[in-house]
Structures are given as structure tokens and as C-alpha cells.
Amino acid sequence: MASRAFEPVLTRNVGNPAALTLDGYRKSGGYEGLAKALAMEPDAVIDEVKRSGLRGRGGAGFAAGVKWSFIPKGRDKPKYLVCNADESEPGTFKDRLLMEKDPHQLIEGCAICCWAVQASTTYIYIRGEYTHANAIMEQAIKEAYQAGVLGDSVFNSGFKLDMYMHQGAGAYICGEETGMIESLEGKRGQPRVKPPFPAIVGAFGAPTVINNVETLANVPHILVRGADWFKSIGTDERNTGPKLYAISGHVERPGTYETAIGIPFSELLDLAGGMYRGGKLKAYIPGGASAAILTADQAGLALDFDTMTKAGSMLGSAAVMVMDDATCMVRSVARLAKFFNHESCGQCTPCREGTNWMELLLTRIEHGEGRPSDPQLLQSVCKNMNGTALCALAEAAVGPVDSLIKRFPEEVERHIRDRACPFPQRRYFENGAS
Amino acid sequence: MPKVTIDDRTVEVEAGTNLIDAAFKAGVHIPHYCYHPRLSVVGQCRMCLVKVAGMGKLQAGCATQVMKDGMVVHTDLPEVKEAQQGMMEFLLINHPLDCPICDQAGECGLQDYAFKHGVAFSRFQFEDKRTYPGRERIPLGGNVLLNMNRCIQCTRCIRFTEEIAGTAELGFFHRGARTEIGTFPGKQLDNQLATCVVDICPVGALTSTRFRFAERVFYLDKRPSLCTGCEVGCNITIEHRRGAIKRYKPRFNPDVNDYWMCDYGRATFERYRDLPRLTAPRLRQEGAALGVATDPMRPRPDLGGTDTTRRRRPEAPTPVSWREALDAVARYLRSRSAEGAIAFLGSGFLTTEEAYLFAQLADVAGTPHRSVAVELGPERHIPNLQGGVTGREAAPNRRGAELAGLASGSAGDGEAAGASLDAESLLRGDGAARCAVLVVCDSDFGAAAYDPVIVERLRRARVLIVFGWADSPLAQAADVALPVATHAEKDGTFVNVEWRVQRFERAFSPPGQARPAVEALSELLTRYDARWANLGAPAVFDRLAAELPAFAGLSWHHLPATGAALDVPAARAFPEPHLQAPEDTAVGI
């Protein structure tokens, strides 16, 4: 139960409204990391982050320091940092907390990253619906400019740094890094073909680092407390540091919890107050809508990058969705398929046509009109979508569907055999909303 | 240059070549829809997935470049075939499969690849396909129609308007399975090159309003040719059925028009269809000397009497045989020189060979007055890799005609400028009135030929001889009207604005008694000198190449498919041609 006693790092200012202001943030130890970084060589900062083993918190889990080191040295082109605050994976609500409660932590993280890769501009691409978080960030950036944290000379070091908020317009696909760049450039938000990768040709044709909010929020703490401290947290040296878990679904206290990375799911469930009204765990999605569904048997697994990959799922954005035994898996997955169909940008064939077909098939099964060959067909569609598309959205859409067929085959078959859904509609609220 | 092995065939390609082009060089076709050699790589259709040794996932051939030696690519593995099959299935589940009423059927990327890479039955068993109600025939502009139901969202058209035409009228709207193509609000697809999007559309989503429902493409006969719309000299394919031209399509030539041609050029064949045709030689009888019928196989139309020679009105031209007509021409050229000057007026529509023979005829007629009519048209620009070719003159071969011996300026030869009978003085001045004989070849030399004022001016010549394919007012006014072939009906060469000589071939035979002007002119010349007998365009070209320094070293049969840059001083202002034409992977799709 060590994790229960975890001393919050990223969320330490959540109960401290004073941290919204620059002075309040400073009092809590803020901007020490930036001051320390500016005293170091940029490469030394990258090395420190590399050594800490910090992996991207947005979904893919790519080592942040390594990503930074891909940025070409030299000053022939401008370089950019784009902070991915387009938090739109269903079930994910951790970055919002960081931006609304501790905006300066993110600004500091961005500033350190910019110093490390010698970028002079940061764009924070924020989800369009996050108007409150955007207002808070805007205010914090304004304050940071006034205090000389941002602007022509950061802390009088001569290092120039500008920071802008950019609001998205409500597309999930703009959370994909190249889709985000296209959107930022004012184009239709759709992913680019890679290579070239953004580290070489990113925003406005220049080398660009793209990191998630939570990833960048970790950076000041690595600088202040050292890579060794960071490495001491977590399951092993490939899974280090504190982690935010956004838990939702059939739990008593849904919300964002910070623990060391690699907390077993069952412990996280305990933190969230256990199952909703004492229900029985049936399944959980460990990493947002695009992760494969895990069953109750797998509740003991540690929620870290490698364990989840080994279990055939992924940690993703660590948005844990919990489902009790009255949940219809077909209906749940059909709803997810609808989401991906709606959010597919439509440029590449397997995703545009496949997500649509999957939704049609799952809806048909859920409505009791499924055919005996449908599960096999779904699997075949999944196979044709997997690894063939331009970006990761098709694979994300495959995740839950494929795991439904693999892990809950009898439930799917029952829908088809009985020509109806065996699970009644649930009413959670007095007014009949479900 | 790095070597790459594709399906056990090794080729050497330039670093940075993508796998589709490299495979094409190796003789392997990697299927693709969205890739086009002149458009940016977007990797959207996912048809070109191949296995690159050492990489886990299948890679998109269009977006994978050969950078260093030793790359090994497989396009025939079961996993590649499976992926291609999967993509074909995805593309077809929502496609209307309305091939029987679709213009693209027969040259459709979906049909071709469905046969080659697809499966014969559908697993998509729903009552309704995704459709775009009300979006089945949307005019994007005057010349292009969109049927959204057939679209496979490859974005070639969007990228064309952005990157080649530079006008960016088209865009993607909505997203996911509802993604559609359209024009931006307030914009129309009305740029000069608009119909090129129909050519590059791999399916039947974009169709040409000119060609729509004109003919099933599998009934079309095709022949390489050149556009006559302006002096750019776009390479085209004439597509016709039994001598009726149905459309022009651009033919790849990296030095001239690349893959493109303009909408104006595409419509130029419609004149051949719409204007009345001159199909038999016609002779206006002039007194007893000419009034002898000599061809018993071709009885003249009965004009109301038994003795046609006596009763005919002297002004009415009569259909005669070619021999009669040419006899008359030769006679006029020989006998009338005392009554005034003899002038030859050529046109920019003549092939180089025709112009050469025309000039030779002027030589034997002993006259210095030989010129070519030049008409300026709107400026037309066709982009290519070197920036593009711009044409201003409304005829394809003014330069070739000049090189072959016709003059566009004054006729020179010591005469005072005012006395010279060049095109300017004939068309705009009173030059024709001083002519004993005026020979015009051909009658359709430009809009001026249809101007009654100019026709009347030219008619002032005592004898007017006109070669022409159209039964134009000028041909009707002529004393001798000689029916010649359109450029679709003859072989020849044109020299374009950048002094590049290009060859074109006869697509079909001329109607009636019309014949290529080269034949008629060579027959006329034979009356003076036997060495001109029985010459076709190839022989004339070889002869002029031997004589004219600008064409030195060229021969008809060795003229490259992309044409040859002529060695004239004026040509040096233009970019160096490609030494070797790059592979044309856009063929077919």
C-alpha cells in the first residue's frame, strides 16, 4: 500500500488555489527547475531527461528525452515546441486538471523543453471544449510575460521564448501529432504521411517537438529533484515517475489519481472507492478508448507501459474505464466504434471505410440483427485495418473491437443467437438518463 | 545511385526515388490511386502497401524512398496481397458499382484493380450503401461534373488545383465516411486546366461535360497527336470512333505539356465536327479554256440541261477530279504571271512538310511572295517541371512554316516593303488586288479566314486558289478549292514555341476526296520536277532535314517521341530539355 501514501508531485498544487498565480506557484517551489535548466547546457538538460526514463504520457509512451534529441542542432531554421493539450481520448481528463489547477507548472515544463532543444516558440494546442482551462492558461501566460519568465529574455538569460495558446475546433484526430500540426497551420486537421517526422519537418516546415501536457509537467520536477529521484519511482527503469490515472465508469469515486506509475489495477480501483454500488468487475479498459479491453481476471496487472503491452492492451493515456457485470460489452464497444467512425478524418481508405463498417456491424449485432458470420467478419475487418492505415486512429478503433471478439466471444454469440441484447438498458439517474 | 531489389529484380535508381517509381523501372506495377508523379505524396489510398525487408509493418510504396543500397522490397507476398485485397474491399463496399452508366468504365482504376487485386463477392451485406443524396451530378465548373457517390477520396483533384493549377478551388469537406470533395464557397473550378482533374481522377467521380455520355471508352481508337490550339504544342491522344473525334487527352511529354493540357485545347477538335467539310475539289470554270469534263467516272451533277458545259453559269464552282483541279492550278501558275504578281499565303496550321513543299512550289512558280499568316490569341500557359510553356499565337506551327521557307515579315528580295505581298499586306492591305494568282493554304488559317471583309479582300486577286479542309467562306470564294486533310487525318511535324519539332500521326482517313496537302503539293510539284513524285510526309521531312540547317541530323523515323529541340539561335532562350524522359508511372491510372 505504498502507493496510497504517494506524495503527489504533479498534483501537489491541486488543493492550493494560490498556485494559479505566479507568486503562489513560486512559493510552492515553482520555476526553480527552469532556473536550474537555464544554468545548464541544453544538451545536459536533454541528457538529464533521458536518464530519468520519462516516457510520453499522451499514449504512445515514447521516451521524451530521446524525442528531444532528434531535433537537429543549429540555428538555420526556427524550431517549435507544440504542447499537445488536445485531450480528447474518451475517458481521459488528466491534462485538464493540470492546466486548470497548476498552469505555471506546464509553462515551466514547456520553457525547459524549449531551452533544451533551443526552440523559441511554444504553441499549446488545447482542446476547443476546454474553455475554462484555456482562460486560466492565457492568464498564466500573460503573467509569465509580465514577470519576465516568457518574452525576449527568460530570467534575463538572453533566451527568447514566446508562448501561445491555440484552441482546437473539436476534432479527436487533431490529437494525432501531425494532424495537430496541420490544424495549427490553419489547414484541415488530418495526419500527414510519415516520414518525415515532426522532429525534422513539423510545424510550418520546421523541426518540432510535440509533447503531452503531463509529460511536460514532469520535466520541472526532474530538473529540481534529479533523474535519480524520478527513476526511483515506478515499477522498473522502463516505467518511471509519477503518473496520473483518470478512472471512470462503475466506480464509487471517479476522478484523477496520482500514484507511482505501475500501480496494479485492483489497487487503483480501491483508491477510487471500489466498484459502483458494490457491483462485480467485468472488464476494464486501461488506457482510453483505443486500448484493448481487459477482463476481471487481469485485474492484478500493473498499469504501466510494458505490462499493458504484454497483456495485449496499452497504457495509452491511462484513462481507466471500469465496467461492472451488468454492462453489455457489445453496446459499449458499438458506442466506441461510433466514436471512431465519427472522428475518422476520412482521408485514408482503411480508416474511413473500416470504422464505418465496424459501427454498422456492431450496431446490427447489438440490435439483434447480427449474422453468425459477423464476429469472423469483424475480425477480418480489424485485420485489414490494423497496420495498414496512415495514422494510428485505425489501430485505435481496432483495439476495443478486436478484444471484444477475442475476450467476450460468448457474449457476442449470444446477441446473435438470441436475436436480442440480453442486457437491459440501465438507468443511473432519476430523470431516466442512462 | 543506390540499388533496390523488388521481387528479385534489382534496379539502380536515384536516391530519393519512391518505391512505386523504382518498381516501375524494375517492371513491377505497384497498384496506387492517390499517388501521381507530379503531385505531393499523401499516402491516403493505401493501395501501394508493400513489404520492405526489415520493417515490421507494410509500408506505403509512395511514401517510402530508396535512400541507400540494399533495400529489398516484396510486392507478391501473401500479406501484401491480403492488404491489397482488403483495400479493394474497403474502396468498393460503398461504391455504387454503376459501371453500366458510368463514363469511366473501361478506363477505371477501380475496375482494373478489382480484377487484378480484388475479390469477386461482397461481404458488405447492408441494405444501404453510404450515398451522398443530391450530390450525384454537381457541376464544379463549366467543364467538370462531380458524382460524389463514386469518389474514393484520393484527393488527386484537390492537390492538382493546389499544386499545378495554383488556383485551389477544391477541398475536402466533412470527415470520416462522409468526407466529400467540393469547391470552396464562392469558387468555381474554372481554371484553364480544369479538365485535367477528370484525367487524373482514377474513378468516375469527375467527368467531363464535353465527353459525358459521348462514347464508351472501350470503343475508342487512339492515336498520338498534337494539339493545334496554340503554339505550345501539347502532346495529345486523339480518341475517335470511326473518324469522329470524341476527345483529346493529354499525352505525357515532360518537355512540353507534362501530363496536362488546357480546356481550350481539348475543345479545338469540335471545329472539325461543327464546320462544313470540303470533300471534293471544286473548280470555277472560266470560259471555254477550262470547261472540259475529263473524268468519266465522276459525272457532274445534272444542273438542268443535257449539255452541262454550255448551260452552267460561269461563276458557279463545280466539283471536279483532283487531276483536273491540279491541272488548272498548274496552268494558272504558268500562264498568268504576266498579268501581275503570284503570291503564296500559308498558315500556321500547315505542317512543316506542307510549308516546305508550299515554299518549293513558290520557287518553281518563280515568285518571292510567300508568307505565313500569324494570329495572336489569348496567352495559354501549361506548367511543366521547368516552369512551363507559354503560347501566344493561335496556330501550332508558325515557326515550322518559317523555317521551311515561308516568311512572316516582309517578303524581302530587294522589293520595297510596300510592294511586298506578305500576309500583312494581303490580309490588312490591298495586296491581293495586285495579284494575278493568290494561293492560300489552308483556308482555315484563323479567325481572319471567316471575316467577310478579309475574304472579300483576298478575292480581289484575279485567280484565287485555296487549299482547305473546311468549306469556309474563303474556300467558297475560290476559283480552285482543294480539299485537304485535317491534322487528325495526316502525318506531319509542328515546331512549337520553344523550337521543339514534334511528330504526329494520322488517326484516320480523310473523308471523300480530301487528301493530305503534302500529297497534293507533291503531285503539283511533279509537274515541274519528277523528283517530287509520290512523297509522303516522312520522305518530305527527311528531305527538308537534309537541306535546312535547323533540322540537321534529324530524320522522321528517329525523331524522339518527346520531340527534338531544334538548333536555332532563338531556341537557346528556353530551358534545356530532359536528356531522358522520366518513366511515366501515371499511365493507366
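Let me begin with a crossing in chain A, where helices α14(A) and α15(A) cross in a left-handed sense; please keep in mind throughout that this is a predicted model.

Two packed helices are described by the angle between their axes and the distance between the axes. For this pair, α14(A), which covers residues 349–366, and α15(A), which covers residues 374–385, the angle is about 160° and the axes are 10 Å apart. Since angles over 145 degrees count as roughly antiparallel, α14(A) is therefore roughly antiparallel to α15(A).

Which residues in α14(A) and α15(A) meet? On the α14(A) side they are Pro350(A), Cys351(A), Gly354(A), Trp357(A), Met358(A), Leu361(A) and Ile365(A), and on the α15(A) side they are Asp374(A), Leu377(A), Leu378(A), Val381(A), Asn384(A) and Met385(A). Sorted by class, this contact consists of ten nonpolar residues, two polar ones and one charged one.

Turning now to chain B, we have a division into domain 1 at 3–76, domain 2 at 123–274 and domain 3 at 318–573, and the C-alpha centres of domain 1 and domain 3 of chain B are separated by 49 Å.

As for confidence, chain B has a mean pLDDT of 89, with 90% of its residues at 70 or more. Over residues 287–314 of chain B, however, the pLDDT is below 50, although the model gives this stretch 23 contacts beyond near neighbours in sequence. Residues 410–418 of chain B likewise stay under 50 in pLDDT, and there the model has 13 contacts beyond four places in sequence.

Finally, for the complex, the predictor gives an ipTM of 0.93 and a pTM of 0.91.

Methods. Residues numbered from 1 in each chain as written. Chains lettered and ligands numbered in written order. Predicted model: local features only at pLDDT ≥ 70, side-chain atom pairs only at ≥ 80, totals over all residues. pLDDT = per-residue confidence, 0-100. Contact = placed C-beta atoms within 7 Å. Axes fitted to C-alpha atoms, helices over the stretch in contact; angles between N-to-C directions. Helix = DSSP H or I, 4+ residues; strand = E, 2+ residues; numbered from the N terminus. Parallel < 35°, antiparallel > 145°, perpendicular 65-115°, else oblique. Left-handed = near helix turned anticlockwise from the far one by under 90°. Nonpolar A, V, L, I, M, F, W, Y, C, P; charged D, E, K, R; others polar. Domains from an automatic or database assignment.
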